[in-house]
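Visitor: I would like to learn how to read a helical model. Could you walk me through one?
Guide: Gladly; let us look at it together.

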Amino acid sequence: MKYRWQAINIENDAIEKAKSTKTKFEPKILSNGDTIKQLLARSRYILCKNKSKWTENQTERARFLFELYPDIEKAYQLCQDLRNVFENTTDKIYGLSKLARWHEKGIITKTFRRAPT
C-alpha cells in the first residue's frame, strides 16, 4: 500500500507540473503496457497466490514488480515460506522447529533491510 500511495502522489505531482507548464502528461509505461500505478494495483492478487498458480501475464507482472520493489519480493517470499510451514508439516514438533527457523529468517531479513548502505 505504501508504494502504491507513493506512485499515486508522484503521478499527481507530475500531472500538476505538466498543467502548470502547459505540457501533456505522459506516464512511464512498462513493456507489458502497465504504468507503475497500474502495476501496483494489479499485482495485489499475485501476492496472494502461489507462484505455481500464476498465469503468464501474472508472472511477467511479478517480474516487473519485484525488479522495481525488491522489498515486496522479500515479503512475498517470507509469506510463501510461512504458508509452506503450515501446508507441508504434519508433525507438531517438526512444525515448531520450522516455524522457529522461519521466524529467524524474517528477523535476519528485517535486520539486513535496515542496515545502512
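Visitor: Which helices do the buried residues of H1 pack against?
Guide: First, the ground rules. This is a predicted model, in which local features need pLDDT of at least 70 and side-chain atom pairs count only at pLDDT 80 or more, while totals for chains, interfaces and linings use all residues. Residues are numbered from 1 along each chain as its sequence is written, and side-chain values use heavy atoms, with hydrogens and water left out. Helices are DSSP runs (H or I, at least four residues), numbered from the N terminus. Buried means under 20% relative accessible area and exposed over 50%, with partly exposed in between (1.4 Å probe, protein chains only). As for your question, the buried residues of H1 pack against H2 and H4.

Visitor: Which residues of H1 are buried, and which are exposed on the other side?
Guide: An α-helix has 3.6 residues a turn, so residues three or four places apart point the same way. In H1 the buried residues are Tyr3, Ala7, Ile8, Glu11 and Ala18. They lie on the same side of H1 because they cover an arc of only 140 degrees around the axis, taken from the directions from the helix axis to the C-beta atoms. Lys2, Asp13, Lys17, Lys19 and Ser20 are exposed on the other side.

Visitor: What comes after H1?
Guide: Lys22 follows, with a positive phi near 55 degrees. Lys22 sits in the loop between H1 (2-20) and H2 (36-42), and is exposed, with a relative accessible area of 77%.

Visitor: Where do H3 and H4 meet?
Guide: Contact means heavy atoms within 4.5 Å. Leu65, Phe66, Glu67 and Leu68 in H3 meet Pro70, Ile72, Glu73 and Tyr76 in H4.

Visitor: What about Ile36?
Guide: Leaving aside neighbours within four places in sequence, Ile36 is in contact with Ala7, Lys28, Leu30, Leu68 and Tyr69.

Terms used:
Helix = DSSP H or I, 4+ residues; strand = E, 2+ residues; numbered from the N terminus.
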